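Colleague: Could you take a close look at one part of this chain for me, the charged patch on its surface? Please set it against the chain as a whole.

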Amino acid sequence: MNAQNLPGQRGDHGEVIGTRRGMFGASGAGDTSGYGGLVRTVRMPGASSRPYGGWFDEVADELEGALDEQGLVPENVIEKTVVDRGELTFHIEREFLPAVAKTLRDDPALRFELCTGVSGVHFPGDKGRELHAVYHLRSITHNRLIRLEVSAPDADPHVPSLVSVYPTNDWHEGETYDFFGLVFDGHPALTRIMMPDDWQGFPQRKDYPLGGIPVEYKGAQIPAPDQRRSYT
């Protein structure tokens, strides 16, 4: 190992998908944080190089070998493997997600028996991959934790459901659909579970308009967020 192949190096490593200005990325109002002149890039971690370190290499080897035994070419299934901040993430092509999850669950050397849920992420600047679904898998047998991540374009927000592999994902996929608009194909009853059935839009997308209702507090009324005065 040397400075060129240490895993998870950030710096200039990875793909730039946008630029943020100010401390909180706010726009359309004055920045009173004192960091209005701060400019930084939004960067996706790039693929890590071998060796990944510790048991990460063992899991990657076992997964790639198990996929190969099924007649799947690992390079076609795994878009990239990322080791960042001491965590292991496999970025999977979305059509292969159920096969990968089933392999991780059933292979004796892997045994990731538990999926603790799926999280939606919205990157408006990641063109063609604006919507991400992130799955957190735990092996109780081997006491290991990894992550799977798939992406889908905003114009085609479909990913396969994992309820048939991990039944506890039923509610989590419903919540992710409700808030991010990711459609989990094959889900037994995909519907809104938090917002009203006729709600327009998906509230946790980053381009969703800021709204709210006025709040009364000790006789004073605080306007809704989209009606508060600007600090310009």
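Modeller: Contacts come first. Among those in the chain with a separation of 6 or more, 55% join residues 24 or more positions apart. Keep in mind that this is a predicted model. The chain holds four helices and 11 strands. It has 232 residues, and 35% of them count as buried. Its accessible surface comes to about 13,200 Å². Carbon and sulfur atoms own 51% of that surface.

Now the patch. It is negative, and four residues form it: E62, D68, E69 and E75. Which helix gives the most to the negative patch? That is α1, residues 56–69, with three residues. D68 belongs both to the patch and to helix α1. Is D68 buried or exposed? D68 counts as exposed because its relative accessible area is 52%, and the cut-off for exposed is over 50%. Patch residues need over 30% relative accessible area and no salt bridge.

For contrast, take a residue in a loop. P196 sits between β9 (183–185) and β10 (215–217). Its relative accessible area is 39%, so P196 is partly exposed. That class covers values between the buried limit, under 20%, and the exposed limit, over 50%. How far apart are the C-alpha atoms of P196 and D178? They are separated by 9.5 Å, with the two residues 18 positions apart along the chain.

In short, the negative patch draws three residues from helix α1, and D68 in that helix is exposed.

Technical notes: Residues numbered from 1 in each chain as written. Predicted model: local features only at pLDDT ≥ 70, side-chain atom pairs only at ≥ 80, totals over all residues. Heavy atoms only, no water. Helix = DSSP H or I, 4+ residues; strand = E, 2+ residues; numbered from the N terminus. Buried < 20%, exposed > 50% of the residue type's maximum accessible area, 1.4 Å probe, protein only. Contact = heavy atoms within 4.5 Å. Areas by Shrake-Rupley, 256 points an atom, 1.4 Å probe, with all protein chains shown as cover. Patch = residues over 30% accessible without salt bridge, like charges linked within 9 Å, V, L, I, M, F, W, Y side chains within 5 Å. Salt bridge = Lys/Arg side-chain N within 4 Å of Asp/Glu carboxyl O. Lys, Arg positive; Asp, Glu negative; His and termini not counted. Charge placed at Lys NZ, Arg CZ, Asp CG, Glu CD.
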